[in-house]
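Colleague: I would like to learn how to read features in a model. Could we start with how helices and strands are placed against each other?

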Amino acid sequence: MRLARLKALQPGFSRAISSKTLGTLASALYREGKGRAECRPMSDPKKSPSRKPPASVETGSQPPSARAKRAKKSSVAPLMASTQEHGVAPALVETECRSTDSRPPVPSALSMRPQSLSAVACVSSGAQRTLRSARATRRLVDDALAVDRASLKLSVAGHVAYTQGKDELSATAYDYFAAAARATRDRLFERWNRTQQAYYCNNRRRVYYLSMEYLLGRLFEDSLLNLGIHEAMAAALGELRVDMAALVQAEPEVGLGNGGLGRLAACLVDSSATLGLPCTGYGIRYEYGCFEQQIVDGKQVERADNWLRYGSPWEVQRPDKRYLVQFGGKVAEQLDAAGRLVFVWRGDEQVWAVANDYLVPGFGNETVNTLRLWAAKATRGFSLDYVTDGDYIRAVEAKNASENLSRVLFPADSAETSRELRLKQEYFLVTATIKDAIARHQKSHSSLATLADDAVFQLNDTQPGVAVAELMRLLIDEYGFIWDEAWAITTRAMAYTNHTVAPEALELWPVALFEAVLPRHLQIIYEINNRFLVEVRARFPGDEARVIRMSLFGDEPVKHLRMAHLCLVGAFAVNGGSELHGRILRDRLFRDFAELWPQKFLAITHGITPRRWLKKCNPGLAELITARIGDKWTLDLYQLRRLGSFVTDPEFLEQFRQVKRVNKQRLATVLKELYRIEFDPSSLLDVHLKPIHEYQRQLLNILHVVALYLNSRTGLPKHNAKRTFLFAGKAAPGAAAAKEIIQLIVAVARVIDDDPVAKQWLKVIFVPNYGVSLAELIVPAADLSEQIALAGAEASGTGALKLALNGALTIGTAGGANLELLEAVGSRNFFQFGRSASEVEGIQSHKCQPERSFVPSAELSEVLNAVASGLFSPEEPKRFSGLVATLLAKDRVLVLADFATYRICHRDALEVWGDQAEWARRSIMNTCNMGRFSSDEVIRSYARDIWKVEA
Ligand code: NBG
């Protein structure tokens, strides 16, 4: 049917087709991202690379005997490979590489190298007719997919009618969003195919970014901005009488992450595409993302985040891209034909990992990369036993159970719960991704011996660490490599980023559990460990204590596997998220390893994408900046330095302040409409946007607020400034202490609201369900940014960077990226307080006991008494007494110890706030010094120092 329609699109027929029909046909053509593949009947099907047996595509792991067949490839191999992956006929690829049509020139990231052009020349000349008609078809499609207002309008209307199946009377805001997203996605496919073809043509080294979390947020406006069609789409929607703001709000948030690690992954895939790097993000398509947080009766309550309720218009399902994943079972030892001992792992549980692709457009270039999320699908034979017995209900249950694998994103504290499912999820991601990488490598290389030349696997934290063992297993068991060869490939292919020093994230798997799920991997890891400890003993003779510390296995309380050690041994690079974090990893946490392999360790300070975190979330500031210095800053954030020269310009200062006022007003409107929270935009907005966790010290912040409140009872303060303290963040569902902190914040907020005097100058807000979209609203409005984690506990802290970029001043400790932020913006423009990381270490290692040496001041004692005696919980006076008792007995994260300097620092900040022009000047100095914190710079560092790919 579709083919018949497409034939109608050939020249000669085209004039007879109305532009409306064309729009509809074009979108049908592009619907699954391989529109041009529909022309395949015009090429010789026997020569089509897509005739490869499906088994190899499905499992991705070809038996060793298949290797010989791959050995001989013509010079068109890379092109063929591309067509196979994207379903594009070879002749069309030739068109692509030699294209002389009038479309804009392809930027350098996509340009072909001479090698690929000579490859192109090999394409059969018999395909000329095909080429001509294919070109004509494509031009028609290109016209239909133009990015002007009229074409977009047509596309959106077409998708409302023919994808959503609605008319203008029944279409909801969601339908318009879905239609507009489809219209946008249609325009990404062409670039996507060309990008992937160019990567193949140029034989680019690939980056595989493995992350259990991606905190993407909404995708619509970012896609428009990156494609450069935001204005045209707004105009198109305007003509359709659709309110773009309402449509934007209708998009469900993609919250497949718990915090910084997942948000960083999202920024890095954006920057990779913007720099034209062949980097594919790999993750899991959780049906339920990070839980939805509600505050009920003053407490956090978790609800499921059913973000896929209506499906996702962005998603491209690839049912043909799937790999079999197995768990459990036994490992058999056998002799192969050559008499060698081989290991055969027969799992007793199987599930498919099926690809779902999200398109990642670069900003201002033509690159579109891929974020591939794996979903679990039951294997067909799974429930046959039950079906045979007529027990259909159990058959369905069993099917559902196997698909549970990708059902939920585990919350941050889940290391202690649901451990088996979590381990299976990690392996599921890892095995499907590595098999995908191997399949891709095999399309253009005859041997996996060159895998590490062609591919690098970046492990985003410890969770995908089992990749080290899985690549070894595949190379040895499936592809017949001997141990040393396999180890050489693996340790040249794996790189590891650590994101936290928190012990719960440095996963420890009980050996019994690990063996039950991944028996063959355990064998391999034992062998890795044996060989590794031989190396340690040779290097540090007689140091058995060191051997015990470094072993991949520990004994207490039960025998367990240390996943971070596996990453350290298997990776060629180990990096932290800031200078300080890198140092802590090298000198403290992984010191033994750094002494053995100093060259592995490095630090790359993490960053944020200026597109989402300035251009999109703060259009007023973006426009003001562009009006003064042009728009190059979106790709080169160092350009912001040029704003420095306007810092003494009163007009600029006033415009800058006006933008902030508008942003605060916008926040006030939303808080009122959505949460019925009153916020006075003229107040100093002090924000604490972090996961609620003891080490983030929201407790320190709220105790300070309590001190201010108690003071207010003796009269209004002299400074006469109104202050709003806004908190947002989720506590892990099992984290009782963190949840209690939320309760205290909400309780203090309520008491202040009920106090007629205090509420005139003090306000506390807890905004529930913090996520990317809320951050986009709060960050541009903030005046003061709380970055007060215990020094040394925060790996990086990218929230601080978003806030500073948007002109907030920071009150913060000397930890994570704060140190570099302070260095960049200057100490005058940053309020620093608290113990340093080395002081904290001294205290925590019991060289100095804070509880013995620390005596609370009179003010602090009063604060603690007020909390403990029920001032904020009159209905249950002892409600917070346990919290205070714990704090006094063991001030683990130095809340009490840092209170005094924090208090002083706030006074300093308030004093500066009293001089609004001075505040604005300091605020501008923050924005203008953020160049080095662009995630584009982060990717440049990764590309240069770790991945060895050209950016
Ligand atoms: C977080 C750290 C942050 C850091 C981000 C990105 C996790 C497990 N870690 O400090 O807490 O900014 O990672 O590196 O989310």
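Modeller: Helices (H or I, at least four residues) and strands (E, at least two) are DSSP runs, numbered from the N terminus. Contact means heavy atoms within 4.5 Å. Axes are lines fitted to C-alpha atoms, for helices over the stretch in contact, and angles run from 0 to 180 degrees between N-to-C directions. This is a predicted model: local features need pLDDT of at least 70, side-chain atom pairs count only at pLDDT 80 or more, and totals for chains, interfaces and linings use all residues. Residues are numbered from 1 along each chain as its sequence is written, and side-chain values use heavy atoms, with hydrogens and water left out.

Colleague: Across which strands does helix H24 lie?

Modeller: H24 (residues 563-570) lies across S14 and S16, at about 40° to S16.

Colleague: What is the order of strands in the open sheet?

Modeller: Strands of a sheet pair through backbone hydrogen bonds, either parallel or antiparallel. Two strands pair if DSSP finds at least two bridges between them. Here the order of the 3 strands is S14-S16-S15, with antiparallel pairing. S14 (508-510) and S15 (553-554) are at the edges with a single partner strand each, so one side of each has no neighbour in the sheet. S14 and S16 (residues 560-562) share 3 bridges; proline 510 has histidine 560 of S16 as its bridge partner.

Colleague: How many residues of H30 are buried?

Modeller: Buried means under 20% relative accessible area, exposed over 50%, partly exposed in between (1.4 Å probe, protein chains only). In H30, 14 of the 15 residues are buried, so the rest of the structure largely encloses this helix.
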